[in-house]
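Dear colleague,

I am handing over the structure below, and after it I set out what was found. Please read the notes with the model open beside you.

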Amino acid sequence: MLLLSRILGMAVRGLRQEVLGRVTDMTVNIGHRDAAVVDRLLVHVADGRDLLFYWAAVEHVGLDGIRVASDGVPVASMNAHLVDQELLLHRDVLDTQIVDVAGQRVARVADVVLARRRDGRLEVVAVDVGFGAVLRRLGLQRLAARANGDAVAWTDLHLTSARGHAVQLAAPRSAVHRLDPRGLAGLVSRLNVTAAVDVLEARGHDVAADVVELSGLVVGERMLRAMADANAAEVVASMPAEQASRWHHVLARPRLLRGRPVLRSHLWPRRRPGHET
């Protein structure tokens, strides 16, 4: 197994073993059939430029660094060079919050775990959310070795970074498109209300209607009120008559949730009475 934190900063060498620069990021395209396979390397070179190398240019990956067999493509703006459904593992995944859709929890990515395939390419298999990974990145190897591992499979997470969230909604193979309404209700309860509405709109009115009902009155009302009026009406219209009548009544009341635009995160527990500081 390889770790992203150890690959970042690796020397990248050319055919004559000259150092071209250092790895600053790697990309995966989750819209591809090989959705977790590293597609390109981003390298910062000595003259201050950033270059993108396709994996086909990579001849060797080892402890001594990475060797490439061709010139990279200069990058002026990284976003302009990303293709649809392509993610940067450092920028969009490492140190960002995720929702573990299997374990129904919020966690922060401390490292990205990769495996070497038979064809020599690297594949993302999981993210490490354990404190041991944090200690390891701080150079506290002995303490890290004593900590329990805690990994989330790459196929079982939803990213909350801006591009990660958007790309996963657009990619049919991502976890958000495999969840049933109950699983989606667990997911949206851990997202801010804007992201939650994005999820519901990506799954369609019928599924959204089930998710709103399963989410309960408070969370369901926030999501419906955050939608465009026409979309909220379509979601309520997709419900059975009794449920639709109840939600029409709820939405007809004055807005009592003004000033509370996001759902409560389950990452931080609510303080108990008498424990305020």
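**Findings, from one residue to the whole chain**

In this predicted model, F131 is found in helix α4, a helix that covers residues 131–137. F131 has a relative accessible area of 56%, and because exposed means over 50%, this residue counts as exposed. Along the chain F131 and V109 are 22 residues apart, and their C-alpha atoms are separated by 9.9 Å. On the surface, F131 belongs to a nonpolar patch that it forms with V134, L138, L140 and L143, and the accessible area of these residues together is about 480 Å².

A helix pair may also interest you. Helix α9 (residues 205–226) packs with helix α11 (residues 241–252) at an angle of about 40°, the axes lying 11 Å apart, and the crossing of the two is right-handed. On the α9 side the contact is made by V212, E213, G216, L217, G220, E221, L224 and R225, while α11 contributes Q243, R246, W247, V250 and L251.

As for the protein chain as a whole, it holds 11 helices and 15 strands, and its C-alpha atoms fill a box of roughly 75 × 45 × 35 Å along the principal axes. Of the 277 residues in the chain, 46% are buried, and the accessible surface comes to about 14800 Å², with 52% of it belonging to carbon and sulfur atoms. Among contacts with a separation of 6 or more, 56% are between residues 24 or more positions apart.

Conventions. Residues are numbered from 1 along each chain as its sequence is written. This is a predicted model: local features need pLDDT of at least 70, side-chain atom pairs count only at pLDDT 80 or more; totals for chains, interfaces and linings use all residues. Side-chain values use heavy atoms; hydrogens and water are left out. Patches are made of residues with over 30% relative accessible area and no salt bridge: like charges are joined within 9 Å, nonpolar side chains (Val, Leu, Ile, Met, Phe, Trp, Tyr) within 5 Å. Accessible areas come from the Shrake-Rupley method with a 1.4 Å probe; for residues, only the protein chains shown count as cover. A salt bridge is a side-chain nitrogen of Lys or Arg within 4 Å of a carboxyl oxygen of Asp or Glu. Helices (H or I, at least four residues) and strands (E, at least two) are DSSP runs, numbered from the N terminus. Axes are lines fitted to C-alpha atoms, for helices over the stretch in contact, and angles run from 0 to 180 degrees between N-to-C directions. A crossing is left-handed if the near helix is turned anticlockwise from the far one by less than a right angle, and right-handed if clockwise. Contact means heavy atoms within 4.5 Å. Buried means under 20% relative accessible area, exposed over 50%, partly exposed in between (1.4 Å probe, protein chains only).
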